[in-house]
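Hi everyone, thanks for having me.

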Amino acid sequence: MPDTHEPQAPDYRIDGFEAATVRIEEDFFSVTLADDMFVPLAEHHSDDGRDAYLLFYDQAAIWDVPGTAEYVALHLTRDVEQRTFNFEYERAPTVPLAQNWLIRQGCPPEATAPSRNHGPRPADALTSRLEDLLRTNPEGRYKVIDHHTENPGSFDFGTEVRTLVHDSHSDSAHAPYRLFLEETAKDFRSYTVREGAFASAEAADDWAMDRSTPLPLATAPRSTFVHRAQAARTRSSRAGTAGLVPPAPVATPRPVSPSVPRSHRGSR
């Protein structure tokens, strides 16, 4: 298990660079204010020195608003002639969604695979296949509506991440609202991902509040993913929320929230 109390310092590679504008400087300071709590998972720097793509696990998220996503993806762009930089970021609830954002920003898919801080492993093939779908988001079929991370911050409990998406694929027309449920075992050795199918967002919310019936599982996804998904797959090593908790002792574990609340996403 990685040392989550003394993570390696982020490698932004902006020494000698200044923010392109005052607003960028303020935003970057805000996003990285607590970066001593960032655990680097993956990074890629372009050969020309203009782009940097970074993926972090944010240990401080557990003390933020309940449900806050725990992964931070950054894309830094540098003007090597003017010696200035700009950046964009996304806070994501799961590694595959953070990877998808980085890929859409131009990061090579294989470079988004976590190479540090080995965490729990996918418990089965279905988990890996569903993560591939979220990572590649073929034809832009998924649009994230809501997400909620339940992390009690204790080794007495596992973690749960709920991500509600709208699926525009024709095969899902009868139940286009999909609830991806990621559950990590309390021993943090493995995790599962399952996809629930619902006719409406309200139905998904009702299920999350009630839990008196099993998750209405979607039809198993087809094994027809683009090749780059296989390159970015983290089947053998996955630095995830569960592999990095608890980041520090927590006085009182938060109770499990029964609903799928509005997301706490931050992006620029």
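**A short tour of the model**

Let's start at Thr-68, which is buried, with a relative accessible area of 5%. Buried here means under 20% relative accessible area, exposed means over 50%, and partly exposed is in between, using a 1.4 Å probe and protein chains only. Before I go on, two notes on what we are looking at. This is a predicted model, in which local features need pLDDT of at least 70 and side-chain atom pairs count only at pLDDT 80 or more, while totals for chains, interfaces and linings use all residues. Residues are numbered from 1 along each chain as its sequence is written, and side-chain values use heavy atoms, with hydrogens and water left out.

Back to Thr-68. Where does Thr-68 sit? You will find Thr-68 in the loop between β3 (51–58) and β4 (71–79). Helices (H or I, at least four residues) and strands (E, at least two) are DSSP runs, numbered from the N terminus. A polar atom of the Thr-68 side chain lies 2.6 Å from the backbone oxygen of Val-65.

Now let's zoom out for a moment. The protein has five helices and ten strands. Of the 268 residues in the protein, 51% are buried. If we take contacts between residues at least 6 apart in sequence, 64% join residues at least 24 apart. Contact, by the way, means heavy atoms within 4.5 Å.

Next, a pair of helices.

Two packed helices are described by the angle between their axes and the distance between the axes. For helix α2 (residues 95–104) and helix α3 (residues 125–136), the axes come within 7 Å and cross at roughly 30°. The axes are lines fitted to C-alpha atoms, for helices over the stretch in contact, and angles run from 0 to 180 degrees between N-to-C directions. So are α2 and α3 roughly parallel or roughly antiparallel? They are roughly parallel to each other. The cut-offs are under 35 degrees for roughly parallel, over 145 for roughly antiparallel, 65 to 115 for roughly perpendicular, and oblique for the rest.

Which residues meet between these helices? From α2 we have Pro-96, Leu-97, Gln-99, Asn-100 and Ile-103, and they meet Glu-131, Leu-134, Arg-135 and Thr-136 in α3. Sorted by class, this contact has four nonpolar, three polar and two charged residues. Ala, Val, Leu, Ile, Met, Phe, Trp, Tyr, Cys and Pro count as nonpolar, Asp, Glu, Lys and Arg as charged, and the others, Gly among them, as polar.

Let's stay with α2, which is mostly covered: nine of its ten residues are buried. Those buried residues include Trp-101 and Leu-102. The C-alpha atoms of Val-95 and Glu-131 are separated by 8.6 Å, and the two residues are 36 apart along the chain. After α2 comes Gly-106, with a positive phi near 115°.

That brings us to backbone angles.

Most residues other than glycine have a negative phi, and most peptide bonds are trans. With that in mind, look at Arg-83, which is not a glycine but has a positive phi of about 60°. Arg-83 lies in the loop between β4 and β5 (84–92), and is partly exposed, with a relative accessible area of 38%. Phe-188 also has a positive phi, near 60°, and is a residue other than glycine. Is Phe-188 buried or exposed? At 5% relative accessibility, Phe-188 counts as buried. Its place is the loop between β9 (177–184) and β10 (190–198).

Finally, two stops in strands.

Ala-19 is in strand β1 (residues 18–19), and is buried, with a relative accessible area of 18%. Leaving out residues up to four places away in sequence, Ala-19 touches Ile-24, Glu-25 and Phe-85. The C-alpha atoms of Ala-19 and Thr-84 are 5.4 Å apart, although 65 residues separate them along the chain. Thr-149 is in strand β7 (residues 142–150), and counts as buried at 2% relative accessibility. Between the C-alpha atoms of Thr-149 and Glu-160, eleven residues apart along the chain, the separation is 6.0 Å.

Note on methods: A polar contact is a pair of N or O atoms within 3.5 Å; within protein, one must be able to donate a hydrogen and the other to accept it, and residues adjacent in sequence count only if both atoms are side-chain atoms.
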